[in-house]
Amino acid sequence: MSLHSSSSSGADEPIVRPFMLTGGRTQPMHDGLRIETQLYAAPAALSAPLRFESRRIVELCQAPRSIADLASALGVPLGVIRVIVADLITEGFVLVDQGPGDFSTTLIERIRDRVRAI
């Protein structure tokens, strides 16, 4: 279930509205999720009964990813990703990387590029 149609046949597929992905919620249950927040998921989370974007986030977070990276990879607005990620954090499937507070120039440039891609 993705927001955009990517059909190669040219036939239009239904577009899923962002509010459908979040159950109509616009505010995440977990505060402090910034676009550069690094997230990761334990390999055991891959066996969780997750669907659609939640499943894909857990797959992508097998290596640390930022909120911006996830939004870009899924083609989903940042606000929607924050709500879904907050749910996954609350359920214990995704964890916030509490690494050092300083970011490398490479990481900052990568985040900037991902945000521009959105």
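Which residue in E3 is the bridge partner of tyrosine 40? In the predicted model described here, in which residues are numbered from 1 along each chain as its sequence is written, local features need pLDDT of at least 70, side-chain atom pairs count only at pLDDT 80 or more, and totals for chains, interfaces and linings use all residues. Side-chain values use heavy atoms, with hydrogens and water left out. The bridge partner of tyrosine 40 in E3 is leucine 95, and the sheet to which this pair of residues leads is described below.

The secondary structure of the protein comes to five helices and three strands, where helices (H or I, at least four residues) and strands (E, at least two) are DSSP runs numbered from the N terminus. Read from the N terminus on, the elements follow the order α-β-α-β-α-α-β-α. Of the 118 residues of the protein, 34% count as buried, the term buried being used for a relative accessible area under 20%, exposed for one over 50%, and partly exposed for values in between, with a 1.4 Å probe and protein chains only. The accessible surface of the protein comes to about 7,100 Å², and 54% of this surface belongs to carbon and sulfur atoms; accessible areas come from the Shrake-Rupley method with a 1.4 Å probe, and for residues only the protein chains shown count as cover. Among contacts between residues at least 6 apart in sequence, 68% join residues at least 24 apart, a contact being defined by heavy atoms within 4.5 Å.

The three strands form an open sheet in the order E2-E1-E3, with antiparallel pairing, and two strands are taken to pair if DSSP finds at least two bridges between them. Strand E2 (65-66) and strand E3 (95-96) stand at the edges, each with a single partner strand, so one side of each is left without a neighbour in the sheet. Strand E1 (residues 38-40) pairs with E3 in the antiparallel sense over two bridges. Within strand E1 lies glutamine 38, a buried residue with a relative accessible area of 12%. When residues up to four places away in sequence are not counted, glutamine 38 touches Pro64, Arg65, Ser66, Leu95, Val96, Asp97 and Leu107. Arginine 65, found in strand E2, counts as partly exposed at 28% relative accessibility. The C-alpha atoms of arginine 65 and leucine 39 are separated by 5.3 Å, although the two residues are 26 residues apart along the chain. Under the same exclusion of residues up to four places away in sequence, arginine 65 touches Thr37, Gln38, Leu39, Leu60 and Leu70.

The loop between E1 and H2 contains alanine 41 and also proline 43. Alanine 41 is buried, with a relative accessible area of 4%, whereas proline 43 counts as exposed at 61% relative accessibility. Not counting residues up to four places away in sequence, alanine 41 touches Val58, Cys61, Gln62, Phe93 and Val94. For alanine 41 and phenylalanine 93, which are 52 residues apart along the chain, the C-alpha atoms are separated by 6.1 Å. Proline 43 and valine 58, in turn, are 15 residues apart in sequence and 8.6 Å apart in space, C-alpha to C-alpha.

Two packed helices are described by the angle between their axes and the distance between the axes. The axes of helix H2 (residues 52-60) and helix H4 (residues 78-90) come within 10 Å and cross at roughly 75°, which makes H2 roughly perpendicular to H4. Axes are lines fitted to C-alpha atoms, for helices over the stretch in contact, with angles running from 0 to 180 degrees between N-to-C directions; angles under 35 degrees count as roughly parallel, over 145 as roughly antiparallel, 65 to 115 as roughly perpendicular and the rest as oblique. The contact is made by Glu53, Ser54, Ile57 and Val58 of H2 together with Ile81, Ile84, Val85 and Leu88 of H4. These residues divide into six nonpolar, one polar and one charged, where Ala, Val, Leu, Ile, Met, Phe, Trp, Tyr, Cys and Pro count as nonpolar, Asp, Glu, Lys and Arg as charged, and the others, Gly among them, as polar.

Serine 54, found in helix H2, counts as buried at 18% relative accessibility, and, leaving aside its neighbours within four places in sequence, serine 54 is in contact with Ile84 and Leu88. Phenylalanine 52 also has its place in helix H2 and is partly exposed, with a relative accessible area of 37%. The phi angle of phenylalanine 52 is near 50°, a positive value in a residue other than glycine.
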